[in-house]
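Hi,

Here is the structure I promised to pass on. Could you have a look at it before reading my notes below?

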Amino acid sequence: WDAQSIWSIVLIMGYIIVAYGYYHQGWMVYKGHTASNVSLFLPSAVFVVQCILFIKGIFFHDWSLIFGALIVNSGVVFSLYQIIEAKRR
């Protein structure tokens, strides 16, 4: 193992924490049936950034970027879906 492998693992653990935060936010919106105090801007911006990092990960063959982008965007998409559904009600 080299330093890059250690940094990749730390990065993935950070991505898991961020994804958990977005899943939690989506769950709170789902349970509360309201998204009145939740903005679509931040999760949308995070989604775009993670898509860029996903492409960068493919280009540089960096599995931590690829895996991390998939993890984070799974939480972001869940959160965005719950926010949009709550705002439509």
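What follows is a short tour, from the overall picture down to single residues.

First, some ground rules. This is a predicted model, in which local features need pLDDT of at least 70 and side-chain atom pairs count only at pLDDT 80 or more, while totals for chains, interfaces and linings use all residues. Residues are numbered from 1 along each chain as its sequence is written, and side-chain values use heavy atoms, with hydrogens and water left out.

**Overall picture**

The protein chain has three helices and zero strands, so you can read it as α-α-α starting from the N terminus (helices are DSSP runs of H or I with at least four residues, strands are runs of E with at least two, and numbering goes from the N terminus). Its C-alpha atoms fill a box of roughly 50 × 20 × 15 Å along the principal axes. Of the 89 residues, 30% count as buried (buried is under 20% relative accessible area, exposed is over 50%, and partly exposed is in between, with a 1.4 Å probe and protein chains only).

**The core**

The largest nonpolar core is made up of seven residues, namely Y15, Y22, V46, L65, V72, V76 and L80. By nonpolar core I mean a set of buried Ala, Val, Leu, Ile, Met, Phe, Trp, Tyr and Cys residues joined through side-chain atoms within 4.5 Å. Both α1 (3-32) and α3 (63-88) supply at least two residues of this core, and α3 gives the most, with four.

**Aromatic pairs**

There are three aromatic pairs in the count. Rings of Phe, Tyr and Trp (its six-membered ring) pair if their centres lie within 6.5 Å; planes under 30 degrees apart are stacked, over 60 edge-to-face, and the rest tilted. One of the pairs is Y23 with F78, tilted, at 5.4 Å centre to centre and 35° between the planes. Y23 sits in helix α1 and F78 in helix α3, so this pair ties together parts 55 residues apart in sequence. Y23 is partly exposed at 35% relative accessible area, and F78 is partly exposed too, at 24%.

W27 and Y30 make another tilted pair, because their ring centres are 5.3 Å apart and their planes at 35°. Both lie in helix α1, three residues apart, about one turn of the helix. W27 is partly exposed at 43%, as is Y30 at 39%.

**On the surface**

I6, W7, I9, V10, M13, W63 and F67 form a nonpolar patch with about 740 Å² of accessible area together. Helices α1 and α3 each supply at least two residues of the patch, with α1 giving the most, five. W7, in helix α1, is exposed at 60% relative accessible area.

Cheers

Methods
Patches are made of residues with over 30% relative accessible area and no salt bridge: like charges are joined within 9 Å, nonpolar side chains (Val, Leu, Ile, Met, Phe, Trp, Tyr) within 5 Å. Accessible areas come from the Shrake-Rupley method with a 1.4 Å probe; for residues, only the protein chains shown count as cover. A salt bridge is a side-chain nitrogen of Lys or Arg within 4 Å of a carboxyl oxygen of Asp or Glu.
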